[in-house]
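Hello,

Here is the structure I promised to pass on to you.

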Amino acid sequence: MKHLILGGLSSALLATIVTPVMASEEVAAVSNYRNQATSNLLATTLVELAYQGYFSDLGIPGHLGFIHGVAANKIDAETLIESAIAKGRLNNNALSNQEYISVVDTALHDVAFP
């Protein structure tokens with residue numbers, strides 16, 4: 001009987017030690033996901049945010065002004081990426097990623113010339 005009680009207490013003690021460790025690992029995983037999400041903004045999402053006026057405080061107009069700015073070559077991929085970097089939505093590496101710049105440029109063209 002002593003072994004049964006001792007085994008039960010040991011199990012209960014281990015359960016209380018393991019649970020906080022597992023919970024902290026889950027929090028770390030969520031934190032890493034959030035950091036990746038802010039640094040890996042999809043090019044189409046970037047253009048959608050700009051169209052919705054998210055970067056208006058940085059001089060990029062939203063909606064019809066955005067479309068006119070893109071069509072008149074006043075707003076280009078680099079300008080949009082720089083604005084996203086300034087707002088903390090992208091890493092500085094995005095400006096040196098030619099593939100990302102090309103996808104943003106294509107998305108801009110699709111908005112201005114549907």
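**What I found**

Of the 114 residues in the chain, 25% are buried, where buried means under 20% relative accessible area, exposed means over 50% and partly exposed is anything in between (1.4 Å probe, protein chains only). Please bear in mind that this is a predicted model, so local features need pLDDT of at least 70 and side-chain atom pairs count only at pLDDT 80 or more, while totals for chains, interfaces and linings use all residues. Residues are numbered from 1 along each chain as its sequence is written, and side-chain values use heavy atoms, with hydrogens and water left out.

**Overall layout**

The chain has 5 helices and 0 strands, giving the pattern α-α-α-α-α along the sequence. Helices (H or I, at least four residues) and strands (E, at least two) are DSSP runs, numbered from the N terminus. Among the contacts in the chain with a separation of 6 or more, 58% are between residues 24 or more positions apart; a contact means heavy atoms within 4.5 Å.

**The core**

In soluble globular proteins, nonpolar side chains tend to be buried together. Here, the largest nonpolar core has 24 residues, and L46, L80, I81, L90, Y100 and V104 are those with the most contacts inside it. A nonpolar core is a set of buried Ala, Val, Leu, Ile, Met, Phe, Trp, Tyr and Cys residues joined through side-chain atoms within 4.5 Å. Two or more residues of this core come from each of α2 (43-51), α3 (63-71), α4 (77-86) and α5 (98-112). The largest share, 6 residues, is that of α5.

L80 lies in helix α4 and counts as buried, at 0% relative accessibility. Leaving aside neighbours within four places in sequence, L80 is in contact with L46, V47, A50, F55, I60, V104 and L108. I81, not counting residues up to four places away in sequence, touches L46, L90, A94, L95, Y100, I101 and V104.

S83 is also found in helix α4, and at 7% relative accessibility S83 counts as buried. Beyond its neighbours within four places in sequence, S83 is in contact with F55, L58 and I60.

**Helix α3**

In α3, F66, G69 and V70 are buried. Seen down the axis of α3, its buried residues fall within an arc of 95 degrees, so they line one face of the helix; the arc is that of the directions from the helix axis to the C-beta atoms. L64 and H68, on the other side of α3, are exposed. The cover over the buried residues of α3 includes α2 and α5. After α3 comes N73, whose phi is positive, near 60 degrees.

**Aromatic pairs**

The structure holds 2 aromatic pairs. Rings of Phe, Tyr and Trp (its six-membered ring) pair if their centres lie within 6.5 Å, and planes under 30 degrees apart count as stacked, over 60 as edge-to-face and the rest as tilted. The rings of Y51 and F66 are edge-to-face, because their centres are 6.4 Å apart and their planes are at 75 degrees. This pair links distant parts of the chain, with Y51 in helix α2 and F66 in helix α3, 15 residues apart. Y51 is partly exposed at 32% relative accessibility, whereas F66 is buried at 0%.

Y54 and F55 also form an edge-to-face pair, with ring centres 4.9 Å apart and planes at 85 degrees. Y54 is partly exposed at 30% relative accessibility, and F55 is buried at 0%.

**Around K87**

What does the charged end of K87 sit over? The ring of Y54, 4.2 Å from its centre; a charge sits over a ring if NZ of Lys or CZ of Arg is within 6 Å of the ring centre and within 35 degrees of the ring normal.

A search of the whole structure finds 1 salt bridge, meaning a side-chain nitrogen of Lys or Arg within 4 Å of a carboxyl oxygen of Asp or Glu. D57 forms a salt bridge with K87, and their closest N and O atoms are 3.3 Å apart. D57 lies in the loop between α2 and α3 and K87 in the loop between α4 and α5, so the pair ties together parts that are 30 residues apart in sequence. D57 is exposed at 54% relative accessibility, while K87 is partly exposed at 30%.

Best wishes
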